[in-house]
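Visitor: I would like to learn how to read the features of a model like this one. Please take them one at a time.

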Amino acid sequence: MSNSPLSPATTVVAAGRPARTPGAPVNPPVVLSSTYVGAERPGAAGPEHLVYARIDTETWHPLEEAIAELEGADRPGLLFGSGQAAISAVLDLTPPGGVLVVPRHAYHEALVAARQLAERCGVEIRRVDIADTAAVVAAIRGSDGADGTDGADGDAGRPADLVWLETPTNPMLEVADVAAVSSAAHAVGAVVVVDNTFATPLLQRPLELGADVVVHSVTKYLAGHSDVVLGAVVTGDADLWARVRQRRVTGGGIAGPFEAWLALRGLRTLALRMERAQQNAAELAGRLREHPAVLAVSYPGLPDHPQHDLAARQMDGFGAILTLRVRGGAEAARRLTEEVRLWLPATSLGGVESMLERRRRWPNEAPSVPEDLLRVSVGIEDVRDLWADLDQALVASQAG
């Protein structure tokens, strides 16, 4: 559980508030300034750490503090201009010529960034099925177990330097045993990173399970309204925090102050949104399993999900993402996305609105993702309306 004395549902509302002094605002203000008045003399009045807004700005702080508190970190999070900027900064923790273990299924731009890192810095990439803990551990140790390598040729027995996990994975919803993988990684001195975007810290707190760094696409559930693009990195390790922060300063992948303010406002309703979306997802997953037009459904909350028991132990809920495969292949799946009227065919997820898309329409998606697989992000609408629309679209998908 979180180190906070408050429940996570309360923390999303209470964290990052201004000081409780008479006349103070309830919500933090947006400060629109690119630079700050300098103070050359030590001890001069004013926040000496604020110099230039690419380095730091007070409008980031409330959101950074709130995300860190939710994740159980003892130092502020680091806000980035996008989830991809956060991912790239953390991947750069891999030393040149080092070994990076990644999932075979993950956010495709993260895998693209990993491949580019391999080409640029001679990093060896070991791809693994993160649901196969033994294979992940073998890849970390440098023994057999990974299903492929990219990048520089190197000593096959060399241990990993950085282990990248998504759990559940995008889009296949595989679940990693974070505690077991972290233990194996730390035994060889590797850093463990978990992309916690799908679960959010309300459902899963990887730092408490042994991970070193957590990454979020704040764009998704944390902000929750499909109106900002932001990322965040959280760690309790002082050295890793300083290195990632310096990467933000020199790389310039910073967040705008108004976007940070909007995301904090969105965060306030995270618990309510996630509760409703999870309820809807569980209901729809059960109904979809029985639909004659559906070939398969994957959702960690279903008892037949291969990692259901692990998810139940590791998470405080199963999330609001599911996948389905439509009978009739890719063409039927495409027709479904054209027949929905309430659901949005869109590439994002985690907003209040329900979205779906066929993932293999993207050229960078892993070839092991089925052509007919639809990733479904369930929103907070009335589940009866969601089902009615999905049902008619499924029926129409079979008419071609």
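**Reading helix α6**

Guide: Helix α6 (residues 178-187) has V178, V181, S182, A184 and A185 as its buried residues. Buried means under 20% relative accessible area, exposed over 50%, and partly exposed in between, with a 1.4 Å probe and protein chains only. Helices (H or I, at least four residues) and strands (E, at least two) are DSSP runs, numbered from the N terminus.

Visitor: Within what arc do the buried residues of α6 fall, seen down its axis?

Guide: The arc is taken from the directions from the helix axis to the C-beta atoms. The buried residues of α6 fall within 165 degrees, so they line one face of the helix. S183 and A187 are exposed, on the face turned away from the buried side. Just after α6, G189 has a positive phi of about 80 degrees.

Visitor: Against which elements do the buried residues of α6 pack?

Guide: Contact means heavy atoms within 4.5 Å. The buried residues of α6 pack against α5 (133-141), β5 (162-166), β6 (191-195) and α11 (308-314).

Visitor: What kind of model is this, and how are residues numbered?

Guide: This is a predicted model, in which local features need pLDDT of at least 70 and side-chain atom pairs count only at pLDDT 80 or more, while totals for chains, interfaces and linings use all residues. Residues are numbered from 1 along each chain as its sequence is written, and side-chain values use heavy atoms, with hydrogens and water left out.

Visitor: How should I read strand pairing?

Guide: Strands of a sheet pair through backbone hydrogen bonds, either parallel or antiparallel. Two strands count as paired if DSSP finds at least two bridges between them. Strand β2 (residues 99-103) and β3 run parallel and are joined by five bridges. V102 has R127 in β3 as its bridge partner. From β2 the chain passes through helix α4 (residues 108-121) to β3, a right-handed β-α-β crossover. Right-handed means that, with the strands pointing away from the viewer, the path from the first strand over the helix to the second runs clockwise. Four of the five residues of β3 (residues 124-128) are buried, so the strand is largely enclosed by the rest of the structure.

Visitor: What is the strand order in the open sheet of five strands?

Guide: The order is β9-β10-β13-β12-β11, with mixed pairing. β9 (294-298) and β11 (344-345) are at the edges with a single partner strand each, so one side of each has no neighbour in the sheet. Two bridges pair β11 with strand β12 (residues 355-358) in the parallel sense, and L344 stands opposite M355 in β12.

Visitor: Is T323 buried or exposed?

Guide: T323, in strand β10 (residues 321-326), is buried, with a relative accessible area of 4%. Leaving aside neighbours within four places in sequence, the contacts of T323 include P171, A296 and L374.

Visitor: How many of the residues of helix α2 are buried?

Guide: Eight of the eleven residues of α2 (residues 61-71) are buried, so this helix is largely enclosed by the rest of the structure. Just after α2, G72 takes a positive phi of about 80 degrees.
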